[in-house]
Amino acid sequence: MAYKVTSKDEIFTYCKKIYKDGYKKGLPTGIESLDNHYTFRKCELDIFTGFANIGKTTAQLFFMILSSIKYDWKWLLYCPENEPVGDLMIDIAEMICGKTADKDFNNRMTSDEFIRALQWSYDHFHILSFDETPTITDVLKSFEDYMEVVEIDGCSIDPLNDLKAPSNINKYDYYYDSLSDIRRFIKKHNVKFNLIVHPSTQATRKRNEDGTRPAPTMSDVEYGAMFGNRADNFIVFHRNPHSDNWNVTEIHIQKIKFQKLVGVPTPEHKPICLYYSYKKRRFEFMNSKGQLQDPLKIKKQ
C-alpha cells in the first residue's frame, strides 16, 4: 500500500495559511442557547439518534432549514421513511411559512403563500428516491452524480438502518465500511453530512423513576462506540410525547470533535430545549430573558 510522509514545505504552507486566515469556524444556528454547543460547519459528519416517533426527522429538517434561511445552503436527501416526497416538501413548506397547508385548520396559508413556500423548499431541498432499497454505495454514487449538475452544501441519509447491507459481510464491518465511505465522500465534496441512526431495542425499555423514558446515548446505538468515534458531532434528539412536556424536544450534544471551532457538548442533564409550536409547525427557543423566540424570524446573517 502506497504511503507518504507529509513534507516540511507542505506543513509550513498549511500552518502559515491557518495563521494568516484563521480556521473556518462553525456558523451560528440562530438558536441563542444552542450556539455555544453546536454550529454549522461543512466537511463534518453529524450523527443523530433518538427513539421512534419523537420527531427526529422534524428536528433535523429544522436544523437544515435554519442553515438554508441564514446561509442559503442547498441540501440533498435520501429519507425513505418519509415518503411520499410530496408530504415531506409540504412539511418543509409549513415550517417555512409558519402555517399549515391542511384545509381543516384555521391557521391555513393562502394559495400564494403555499406556492411560494413550496418553491423555496424545492430550491433548497433535493430529495432522491429509488425503485428498490439501495446500498450505501448506490446512495453515495447517486449523490455524487447529482452534485455534478447542482451545487449542494449538505447531504442527509435518514436513516442508515434502512439501507441494504451486503449478505457476505457482518454488520459491524458493514457499518464501519459505510462510515469510511461517507467520510471519504465528505472530504472529497466539502459538504456537511447528516446521518440518522436508530437506538437499540434494549434502550427503548429503559425508564426513569417517574415512568418517562431517558434520552438515549451514543452507547445505546448498535455498535455505538464505532459511531461515536467516527462522528465529528454526535447529537441526540429526545422527547417524551406522553408527558406534560410533550412539545419539548431536548437536544443533547454528546460529542463535538473540533470544540474550538464548533462548540462544546452539553452537560449530561442539561440539554438545550426547543419548544414545538403546533400552530406554527416549527420550533421556538427560550432566550436569555426567558421569552420564547422564533429563530426563523431572526434576520439572515
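**Close-up 1. Asp145 and Lys141 join their side chains in a salt bridge, with 2.9 Å from N to O.** In this predicted model, both residues belong to helix H5, where they stand four residues apart, or about one turn of the helix. Asp145 is partly exposed at 36% relative accessibility, and Lys141 is likewise classed as partly exposed, at 44%.

**Close-up 2. Helix H5 spans residues 136–147.** Its 12 residues reach 16 Å from the first C-alpha to the last, which is close to the 16 Å expected at 1.5 Å a residue. The buried residues of H5 are Ile136, Val139, Leu140, Phe143 and Met147; because they cover an arc of only 95° around the axis, they lie on the same side of H5. Among the elements that cover these buried residues are strand S2 (75–78), strand S3 (125–128), strand S4 (154–157), helix H6 (171–189) and strand S5 (192–196).

**Close-up 3. Asp21 forms salt bridges with Lys17 and with Lys20.** The closest N and O atoms are 3.5 Å apart for Asp21 and Lys17, while the N to O distance for Lys20 and Asp21 is 3.3 Å. Asp21 and Lys17 are four residues apart in helix H1 (residues 8–21), so about one helical turn separates them. Asp21 is partly exposed at 46% relative accessibility, whereas Lys17 is exposed at 53% and Lys20 is exposed at 68%.

**Close-up 4. Phe105, Trp246 and Tyr278 make a nonpolar surface patch of about 320 Å².** Tyr278 sits in the loop between strand S8 (272–277) and strand S9 (282–286), and Tyr278 is partly exposed, with a relative accessible area of 46%.

Technical notes. Residues are numbered from 1 along each chain as its sequence is written. This is a predicted model: local features need pLDDT of at least 70, side-chain atom pairs count only at pLDDT 80 or more; totals for chains, interfaces and linings use all residues. Side-chain values use heavy atoms; hydrogens and water are left out. Helices (H or I, at least four residues) and strands (E, at least two) are DSSP runs, numbered from the N terminus. The expected span of a helix is 1.5 Å times one less than its number of residues. Buried means under 20% relative accessible area, exposed over 50%, partly exposed in between (1.4 Å probe, protein chains only). The arc is that of the directions from the helix axis to the C-beta atoms. Contact means heavy atoms within 4.5 Å. Patches are made of residues with over 30% relative accessible area and no salt bridge: like charges are joined within 9 Å, nonpolar side chains (Val, Leu, Ile, Met, Phe, Trp, Tyr) within 5 Å. Accessible areas come from the Shrake-Rupley method with a 1.4 Å probe; for residues, only the protein chains shown count as cover. A salt bridge is a side-chain nitrogen of Lys or Arg within 4 Å of a carboxyl oxygen of Asp or Glu.
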